[in-house]
Amino acid sequence: MYTDKNGNRWYRGNLHTHTTVSDGVKTPEETKAIYRSLGYDFIALTDHWEFGEGSDNDESGLVVLSGIEYNFGGSDMLTGVFHIVGIGMDTVPNIERTDDTQTAIDRISECGGLPILAHPAWSMNTYDKIMPLNGVFATEIYNSVSDLPFNCRPYSGIVIDDLALRGYTLPLLATDDTHFHKGEVGKGYIMVNLGDKPLNRENLMAALREGKFIATQGPIFTCKREGDEIVVTCETGAARVTFFTGHPYEKFRSTVAEGEPIYEARFKITKGTVFVRAEICDAEGKLGFANVIFE
Ligand SMILES: [Zn+2]
Ligand SMILES: [Zn+2]
């Protein structure tokens, strides 16, 4: 938990986790204990095709959101492989392996949950396959098990930017996709701003639906539009703030700290910017991923 200078409490959580219930290496109890010891406040156990129950009073001390991960399309990346994570369902969605991706998204929502597009870069999901999906709550931009050494495409920024060029975006998430393969634990997470409300499933789900969260590996930041400027604040201090846009050439794409850390960076929108997406890098190289803002 992090308390910002305005007194808001931000809670840290991982929304994509596998255990021995599917292909993870640690049991659910071991997994939760490890995340608790790393300072996490909540977790969702999202085993493949196996429903993880939620709890406000788990023995681990974490708040546990219900969770599950579905996969469709086998291994044919050309026709489309989709992994959909469901979070916070009240009941177990009735989804079969013979169903399609859209059906899974619809049923997760009908059960009160949030359907998430997992690791689009790893799945090689392209705009033409993502944009027809209706009702997706958010997408991962960073997935730590997709990183080296176990995999090769941890970062979906290029997919997010390609969608943004076409006027489409989703809120961004960073997750671990934990299997305890090698070194992926604690590298990507979300921080949820509950203000002064207590930490429980109801308040977490409400804050998620209201977009009161950030995707990060460490930096705590805000990013919003003020007139024709995008303003990033980072009270934990940044070494570099980079603005990704829909224009190939930008004069002031990166603000780099000289001596003192950066606590605020501004980017002026001009004709042809199309969209702005900021990444905040701290002195250790850890990134924060701000949502897309359109021109
Ligand atoms: Zn997956
Ligand atoms: Zn997964």
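## A charge over a ring

The charged end of Arg277 sits over the ring of Phe244. The distance to the centre of that ring is 4.4 Å. This is a predicted model.

## Aromatic pairs

How many aromatic pairs does a search of the whole structure find? It finds eight. One of them joins Tyr35 and Tyr40. This pair is edge-to-face, with 85 degrees between the planes. The ring centres lie 4.7 Å apart. Both Tyr35 and Tyr40 are buried.

Now take Tyr142 and Phe289. Their planes meet at 10 degrees and their ring centres are 6.2 Å apart, so this pair is stacked. Planes under 30 degrees apart count as stacked. The pair links distant parts of the chain. Tyr142 is in strand S8 (residues 138-143), while Phe289 is in strand S18 (residues 287-289). The two residues are 147 residues apart. Tyr142 is buried, at 6% relative accessible area. Phe289 is buried too, at 2% relative accessibility.

## The zinc site

Which residues are the protein donors of the zinc ion (ligand 2)? They are His16, His18, Glu69 and Asp177. Each histidine gives its NE2 atom, Glu69 an OE atom and Asp177 an OD atom. These donors lie 2.1 to 2.2 Å from the zinc ion. Along the chain, their spacing is H-x1-H-x50-E-x107-D.

Why is the arrangement around the zinc ion (ligand 2) irregular? The four donor atoms subtend angles of 81 to 167 degrees.

## Glu69 and Asp177

Glu69 bridges two zinc ions, ligand 2 and ligand 1. The ions lie 3.4 Å apart. Glu69 sits in strand S5 (residues 67-72), and Asp177 sits in the loop between strand S9 (172-175) and strand S10 (189-193). The pair therefore ties together parts that are 108 residues apart in sequence.

Are these two residues buried or exposed? Glu69 is buried, because its relative accessible area is 0% and buried means under 20%. Asp177 also counts as buried, at 4% relative accessibility.

Conventions
Residues are numbered from 1 along each chain as its sequence is written. Chains are lettered from A and ligands numbered from 1 in the order in which they are written. This is a predicted model: local features need pLDDT of at least 70, side-chain atom pairs count only at pLDDT 80 or more; totals for chains, interfaces and linings use all residues. Side-chain values use heavy atoms; hydrogens and water are left out. Donors are N, O and S atoms within 2.8 Å of the metal (3.2 Å for Na, K and Ca); water is not among the atoms, so sites may look incomplete. Four donors count as tetrahedral if all angles lie between 85 and 135 degrees; four count as square planar and six as octahedral if opposite donors are over 155 degrees apart and all others between 65 and 115; anything else is irregular. Helices (H or I, at least four residues) and strands (E, at least two) are DSSP runs, numbered from the N terminus. Buried means under 20% relative accessible area, exposed over 50%, partly exposed in between (1.4 Å probe, protein chains only). Rings of Phe, Tyr and Trp (its six-membered ring) pair if their centres lie within 6.5 Å; planes under 30 degrees apart count as stacked, over 60 as edge-to-face and the rest as tilted. A charge sits over a ring if NZ of Lys or CZ of Arg is within 6 Å of the ring centre and within 35 degrees of the ring normal.
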